[in-house]
Amino acid sequence: MSARPSRRRTDDEGRMPLREHLLELRKRVGLAVVGLLLGAVVGWVLYPPIFEILQAPVVDLNEARGDLIALNFSGVLSAFDMRLKVAFFVGVIVSSPWWVYQLWAFVTPGLTHRERLTTVGFVTAAVPLFLAGAFLAWTLLPKAVALLTGFTPEGSANLITAQEYLTFVMRMVLASGVGFLLPVVMVGLTMVGAVEGRTWLRGWRVAVLLAFVFGAVATPTGDAVSMLVLAVPIVGLYFAAVGVALLRDRRVARREAAQDAADAGTEV
């Protein structure tokens, strides 16, 4: 009786057929979603203390200024909807080690054994990078809330819609975390041969511009300091990823040159 074929068949160069890629993608996305849902359950259970942390910048401003600044639940279902969104927000962060691993596991079938070992260290840093980006945005959040609510006219109340506030927080935190993950995506694309390191290097001007635009959008305070605090680390990570990609290209070039020399010697 013949052995059952593997679901992750590859050819001699480590490449998978398109159908196998699609099946693997479906599998990895499904596993990532399961992890996200489990993380959301954790967020649902821990909602009370998490919500206190989320609204802390607003509460602190209310106490410091003496103005009426508070989160407002404007509908019957708004409190429930808020808890649901916070649960998924926490789920994305809590399950980040799992879904980052699924991303890496999807890329590795197309890599050689040596390339897998090379990417392990960089991808292992993906989770700390995501969390570092999210934490950086969180440290900027109180300043953003203070600046934006500072335009409230004297004698007026600022009742912030809870849904809008959560969207504001999620945009800052998740966008910053994803921005810090981009170098991992760059290295992954280079390792599978989709983009060469020289291509990343040639686009450094555009990358720097986009990093500062991203910093300005993700930190809506409008001040240069907050933008620099977010954009400069992203630029540094971009060039670190370019360095890793160029090293990979150099190794591939040496390996191909050695193979060509060996083939030439065999023909002689």
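## A pair of side chains in contact

The side chains of E24 and R28 are joined by a polar contact of 2.8 Å. A polar contact is a pair of N or O atoms within 3.5 Å; within protein, one must be able to donate a hydrogen and the other to accept it, and residues adjacent in sequence count only if both atoms are side-chain atoms. Before going further, please note that this is a predicted model: local features need pLDDT of at least 70 and side-chain atom pairs count only at pLDDT 80 or more, while totals for chains, interfaces and linings use all residues. Residues are numbered from 1 along each chain as its sequence is written, and side-chain values use heavy atoms, with hydrogens and water left out.

Where do E24 and R28 lie? Both are in helix α1, four residues apart, which is about one turn of the helix. An α-helix has 3.6 residues a turn, so residues three or four places apart point the same way. Helix α1 covers residues 18–45. Helices (H or I, at least four residues) and strands (E, at least two) are DSSP runs, numbered from the N terminus.

Is E24 buried or exposed? E24 counts as buried because its relative accessibility is 4%. Buried means under 20% relative accessible area, exposed over 50%, and partly exposed in between (1.4 Å probe, protein chains only). Another residue of helix α1 is G30, which is partly exposed with a relative accessible area of 31%. G30 and W99 are 69 residues apart in sequence, yet their C-alpha atoms are 9.9 Å apart in space.

## Salt bridges

The pair E24 and R28 also forms a salt bridge. A salt bridge is a side-chain nitrogen of Lys or Arg within 4 Å of a carboxyl oxygen of Asp or Glu.

| Salt bridge | N to O distance |
|---|---|
| E196 and R198 | 2.7 Å |
| R248 and D249 | 3.8 Å |

Side chains of opposite charge can pair when their charged atoms come close. The surroundings of these residues can be described too. E196 counts as partly exposed, at 39% relative accessibility, whereas R248 and D249 are both buried.

D249 lies in helix α11, and its relative accessibility is 16%. Which residues does D249 touch, not counting residues up to four places away in sequence? They are T190, E196, G197 and R198. Contact here means heavy atoms within 4.5 Å. A polar atom of the D249 side chain lies 2.5 Å from the backbone nitrogen of G197.

## The nonpolar cores

Now for the inside. In soluble globular proteins, nonpolar side chains tend to be buried together. A nonpolar core is a set of buried Ala, Val, Leu, Ile, Met, Phe, Trp, Tyr and Cys residues joined through side-chain atoms within 4.5 Å. The largest such core has 43 residues, and V86 and Y165 have the most contacts inside it. Among the elements that each supply at least two residues of this core are α2, β1 (69–72), α4 (78–94) and α8 (162–191). A second, separate core has 10 residues, including V187, V195, Y238 and A245.

Leaving aside neighbours within four places in sequence, V86 is in contact with Y47, I50, L54 and L166. Helix α2 spans residues 47–54, and Y47, I50, F51 and L54 are buried in it. These four lie on the same side of α2 because they cover an arc of only 100° around the axis; the arc is that of the directions from the helix axis to the C-beta atoms.

In helix α8 you can find L181, which is buried with a relative accessible area of 11%. L181 touches W99, V100, A126 and F130, not counting residues up to four places away in sequence.

## The whole protein

Finally, step back. The protein has 11 helices and two strands. Of its 268 residues, 36% are buried. Among the contacts with a separation of 6 or more, 80% are between residues 24 or more positions apart.
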